[in-house]
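Thanks, everyone. I have one structure to go through today, and I will keep to what can be read from the coordinates.

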Amino acid sequence: MRVTNQMLSASARKAGIPLEGGSLLDYLNKSNGGSLLDNLNGSNSLNQSVSSVYKSNYDKIQKAAEAYEKQAKNLAESGEGSIWAKAEETGDMSGVYDNIKSLVDKYNSTLEAIRKTPDSLNGYYMQMFTQGAADRKEVLEAAGVTVQKDGTLKIDEDKMKAADLEKLKKAFGSGSDFLTRTGFVAARAADHAKTNAESVTSQYTAKGSLITAETNRYDFLG
């Protein structure tokens, strides 16, 4: 069984991925240099070692993305007992700083894990993830966090500690659009990785077994 333009284009339409001027097969070839399709359509079936690499990559994405989503939810909490309420009550900002540092570390780890996996839908997630930061670049910079050229985040601790609580809350609190968007994408990426890690584990021995997993993964919008 070979992957055709019709099969992949149908999956792209379900996912809502725009493919102006080309098919999804073209999109995959351009974004992955044909490596993924070579694995899917090559004359040799995927062996266990290749499948192990796929599974390892997906496991890393799931772990990193879930950790980021959890940290984003922690910062987004409001009300009594939240890190923001504690900072306002005691004047001690150390908890806020530590949580922002943790978020930035987990953001960068998630981005690195997604970037290392040759999966076109992960490329889409990576674009959405980094766009969430780029669209709030000024708000993040006011809180001491810079969006780097490679999409990663970097903290300027002096600037972060010089920012008042409201600027920090605007960037990383309950009303943060940055947290909402990146947290949502991280959750999707984690689910996608979990599904495909399980698929690779159970199906790697069957010829063409990853074709169904590859096309089905574009159905992430339901």
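First, the ground rules. This is a predicted model, so local features need pLDDT of at least 70 and side-chain atom pairs count only at pLDDT 80 or more, while totals for chains, interfaces and linings use all residues. Residues are numbered from 1 along each chain as its sequence is written, and side-chain values use heavy atoms, with hydrogens and water left out.

On confidence: pLDDT is the predictor's confidence in each residue, from 0 to 100. The protein has a mean of 79, with 68% of its residues at 70 or more. Helices (H or I, at least four residues) and strands (E, at least two) are DSSP runs, numbered from the N terminus. By element, strand 2, residues 153-155, has the highest confidence, at 98, and helix 3, residues 35-41, the lowest, at a mean of 45.

Two segments stay under 50: residues 11-25 and residues 32-44. For residues 11-25 the model has 26 contacts (heavy atoms within 4.5 Å) beyond four places in sequence. Residues 32-44 also have 26 such contacts. Where pLDDT is low, the predicted coordinates should not be read in detail.

Now helix 10, residues 165-172. Which of its residues are buried? They are L165, L168, A171 and F172, where buried means under 20% relative accessible area, exposed over 50%, and partly exposed in between, with a 1.4 Å probe and protein chains only. The N-terminal end is capped by D164, with a side-chain oxygen 3.2 Å from the backbone nitrogen of E166.

Next, two positions at 0% relative accessibility. N122 lies in helix 7, residues 120-134, and is buried at 0%. Beyond its neighbours within four places in sequence, N122 contacts Y58, I61, I114, T117 and H192.

A189 lies in helix 11, residues 177-203, and is also buried at 0%. Leaving aside neighbours within four places, its contacts are I61, I114 and Y125. C-alpha to C-alpha, A189 is 9.4 Å from Y58, although the two are 131 residues apart in sequence.

Last, the aromatics. The structure holds seven aromatic pairs. Rings of Phe, Tyr and Trp (its six-membered ring) pair if their centres lie within 6.5 Å; planes under 30 degrees apart count as stacked, over 60 as edge-to-face, and the rest as tilted. Y107 and F178 make a tilted pair, 6.1 Å centre to centre with 40° between the planes. Y107 is in helix 6, residues 94-115, and F178 in helix 11, so this pair ties together parts 71 residues apart in sequence. Y107 is buried at 0%, and F178 at 1%. F178 also pairs with F172, edge-to-face, at 6.1 Å and 85°. F172 has a relative accessible area of 0%.

Ring pairs link Y68, Y107, F129, F172 and F178 into a cluster. That is where I will stop.

Terms used:
A polar contact is a pair of N or O atoms within 3.5 Å; within protein, one must be able to donate a hydrogen and the other to accept it, and residues adjacent in sequence count only if both atoms are side-chain atoms.
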